[in-house]
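Subject: Structure for you to look over

Hello,

Here is the structure I said I would pass on. My notes on it follow below.

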2 protein chains.
Amino acid sequence: MRDFSSDHRWLSINTATIRKQRGVEQPLLDILESCAREGIRAVSPWRDQVAAAGLAATARTVRAHGLELSGYCRGGMFTATDGGGLEAAHEDNRRAVDEACELASRCLVLVVGSLPGALQGKAAHKNLSLARQQVFDGIGKLLDYARAQGMPLAIEPLHPMYAADRACVNTLEQALDICDALDPERSGALGVAVDMYHVWWDPKLKAQIERAGKTRLLAFHVCDWLTPTNDLLNDRGMMGDGVIDIPQARGWMESQGFDGFCEVEIFSNTWWQRSGDETLQACIERHRTCV
Amino acid sequence: MRDFSSDHRWLSINTATIRKQRGVEQPLLDILESCAREGIRAVSPWRDQVAAAGLAATARTVRAHGLELSGYCRGGMFTATDGGGLEAAHEDNRRAVDEACELASRCLVLVVGSLPGALQGKAAHKNLSLARQQVFDGIGKLLDYARAQGMPLAIEPLHPMYAADRACVNTLEQALDICDALDPERSGALGVAVDMYHVWWDPKLKAQIERAGKTRLLAFHVCDWLTPTNDLLNDRGMMGDGVIDIPQARGWMESQGFDGFCEVEIFSNTWWQRSGDETLQACIERHRTCV
């Protein structure tokens with residue numbers, strides 16, 4: 001297992017972690033600048049941030065700072081109530097693949113979606129099986145395109161508390177079943193993003209990480225689960241402040257040969273109240289001691 | 001599948017549903033009286049409510065109204081930081097079995113516990129495997145006692161968002177693995193409580209209900225998952241107000257021969273703001289139309 005105690009060369013910052021400081025949306029190029037200044041070598045930006053900064057400008061800034069993308073957030077949201085909606089989702093995902101290529105990301109992270117309309121507060125139906133079928137079909141179709149572009153797709157199982165509105169893929173086992181069905185040859189074109197916040201509770205976590213193996217372990221995201229958790233979305237903890245045994249899971253990942261970045265992704269009303277620099281410093285410190 | 005549309009003979013009320021009306025704790029005997037008045041034939045009370053009302057008085061009132069207990073809430077919380085704590089948990093669980101017997105409950109529901117101290121905000125450790133082992137051992141030990149008393153134990157898998165503080169058994173599959181290990185002969189002494197709020201998201205739900213079969217399906221709890229959900233504990237929805245396809249799951253249960261009560265268990269800051277009678281009326285109405 002890699003020694004993280006003396007440097008932060010394997011730290012990546014998901015840019016959502018420092019995007020809303022004190023209620024003010026931080027420009028992506030400033031965030032990239034801050035990360036580079038702290039000696040951080042990788043980031044994972046969000047599509048809306050990239051759109052606001054401009055794709056070309058973002059790509060230039062990433063290259064100028066010698067940054068890498070541990071992943072690109074995010075494709076997915078494959079479900080819809082009709083064929084037109086499914087096609088629109090597919091087209092949007094093709095663009096996400098193109099952007100990920102332009103930014104030379106290691107993978108495109110997929111948050112797959114679930115019941116149409118649920119995220120807006122009113123689900124169009126309750127048929128989770130249908131949503132899961134649409135997701136399966138959507139990933140299959142996108143895989144053809146992404147494979148041709150050389151962009152790996154990383155299915156991110158989301159915590160079951162997001163099963164209605166954000167993702168109907170909720171366990172690593174379920175994600176790997178999809179991988180096995182769509183990419184039985186383990187080509188590297190399809191795999192998973194293991195986000196500890198979503199999967200830490202799973203009694204089958206170790207077994208499924210072993211099942212995934214190096215070719216399917218495309219990304220590793222860390223933060224912590226707080227007790228109590230006061231908000232379903234924006235109360236993630238800094239590593240070390242909660243109950244997740246992150247080093248144990250990183251050990252399982254690395255036993256399979258995972259040698260990529262550990263991406264810190266913290267949505268937190270608490271941390272967003274602090275300065276971006278303070279939060280980055282905490283990420284660096286906790287990466288050394290708690291990851 | 002049973003027809004629920006014209007009566008509510010299979011409705012049970014978990015007494016937490018109407019215990020905190022407008023911030024005032026409602027006496028259990030009053031709740032039982034209200035249920036009986038509405039023609040409700042079964043309830044599931046909580047141990048602290050029974051303790052406050054007195055066990056003998058509760059048993060008398062239950063009998064006087066011709067009520068049945070679809071389950072008794074609850075045993076469990078098996079984990080501890082030392083042997084003394086484990087023994088104290090065992091003793092407390094023996095008393096819960098005795099009380100369930102006195103009340104002639106159909107089963108004792110087990111919320112198994114997880115990381116010691118987490119529910120109080122400070123977990124003593126992060127070793128989920130250890131907690132799971134303690135739970136396994138604790139259920140095994142209690143089973144000997146409960147079997148002798150003739151009281152079935154129903155393991156309730158809790159939603160993964162409670163994995164740190166309330167229960168480290170988080171899927172039906174995991175609960176059934178415990179059942180298979182401790183009661184391979186399927187004696188009826190050990191089974192599961194299927195609470196839709198906790199398991200609705202599970203891609204293996206149907207398969208695991210089939211695996212459980214009639215002898216292991218000891219209880220069925222219903223409410224709904226709201227989008228958005230604003231509180232991890234007390235924002236459960238009334239059946240029909242959320243995204244859970246309850247009739248589909250009831251069909252799966254009944255295909256296995258389940259013929260027990262459908263217990264409504266709603267922790268809701270919203271419903272607790274209304275009168276108990278209004279909430280009971282809603283339960284009856286939705287039981288006919290949405291369960």
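In chain B, nine strands make up an open sheet with parallel pairing, in the order β3-β2-β1-β9-β8-β7-β6-β5-β4. Its edge strands are β3 (68-69) and β4 of chain B, each of which pairs on one side only. Please keep in mind that this is a predicted model.

Sheet and helices of chain B

Strand β1 (residues 11-14) of chain B pairs with strand β2 (residues 42-44) of chain B in the parallel sense, over three bridges. Within that pairing, Ser12(B) has Ala42(B) as its bridge partner in β2(B). Helix α5(B) packs on the sheet and touches β5, β6 and β7 (190-195) of chain B; the direction of α5(B) makes about 155 degrees with that of β6(B). Helix α6 (residues 172-182) of chain B lies across β6 and β7 of chain B and runs at about 170 degrees to β7(B).

Strand β5 of chain B

Strand β5 (residues 108-111) of chain B is covered on both faces. Leu108(B) and Leu110(B) are buried on one side, and Val109(B) and Val111(B) are buried on the other.

β5(B) has a parallel partner in strand β4 (residues 72-76) of chain B, to which four bridges join it. Tyr72(B) has Leu108(B) as its bridge partner there. A right-handed β-α-β unit is made by β4(B), helix α4 (residues 83-102) of chain B and β5(B).

β5(B) also pairs with strand β6 (residues 153-155) of chain B, in the parallel sense and over three bridges. In β6(B), Leu108(B) has Leu153(B) as its bridge partner. From β5(B) the chain crosses through helix α5 (residues 128-149) of chain B to β6(B), and this β-α-β crossover is right-handed.

The nonpolar core

The largest nonpolar core has 194 residues. Those with the most contacts inside it are Leu108, Leu153 and Val192 of chain A and Leu108, Leu153 and Val192 of chain B. Leaving out residues up to four places away in sequence, Val192(B) touches a set of residues that includes Ala154(B), Ile155(B), Leu172(B), Leu176(B), Cys179(B) and Leu218(B).

Chain A

Chain A has an open sheet of nine strands with parallel pairing, and its order is β3-β2-β1-β9-β8-β7-β6-β5-β4. The edge strands of the chain A sheet are β3 (68-69) and β4 (72-76), each pairing on one side only. Strand β7 (residues 190-195) of chain A runs parallel to β8(A) and is joined to it by four bridges; in β8(A), the bridge partner of Val194(A) is Phe220(A). Helix α6 (residues 172-182) of chain A lies across β6 (153-155) and β7 of chain A, at about 170 degrees to β7(A).

Val222(A) is in strand β8 (residues 217-222) of chain A. Is Val222(A) buried or exposed? Val222(A) counts as buried because it has 28 C-beta neighbours inside 10 Å, and the cut-off for buried is 20 or more. Among the residues Val222(A) touches, not counting those up to four places away in sequence, are Met196(A), Met239(A), Ile246(A), Cys262(A) and Val291(A). Between Val222(A) and Ser105(A) there are 18 Å, C-alpha to C-alpha, and the two are 117 residues apart in sequence.

Contact between the chains

The contact takes 24 residues from chain A and 24 residues from chain B. On the side of chain A that touches chain B, the residues divide into 14 nonpolar, six polar and four charged.

Regards

Note on methods: Residues numbered from 1 in each chain as written. Chains lettered and ligands numbered in written order. Predicted model: local features only at pLDDT ≥ 70, side-chain atom pairs only at ≥ 80, totals over all residues. Buried ≥ 20, exposed ≤ 12 C-beta atoms within 10 Å, placed from the backbone. Helix = DSSP H or I, 4+ residues; strand = E, 2+ residues; numbered from the N terminus. Pairing = 2+ DSSP bridges. Right-handed = clockwise from strand over helix to strand, strands pointing away. Core = buried A, V, L, I, M, F, W, Y, C linked by C-beta atoms within 7 Å. Contact = placed C-beta atoms within 7 Å. Nonpolar A, V, L, I, M, F, W, Y, C, P; charged D, E, K, R; others polar. Axes fitted to C-alpha atoms, helices over the stretch in contact; angles between N-to-C directions.
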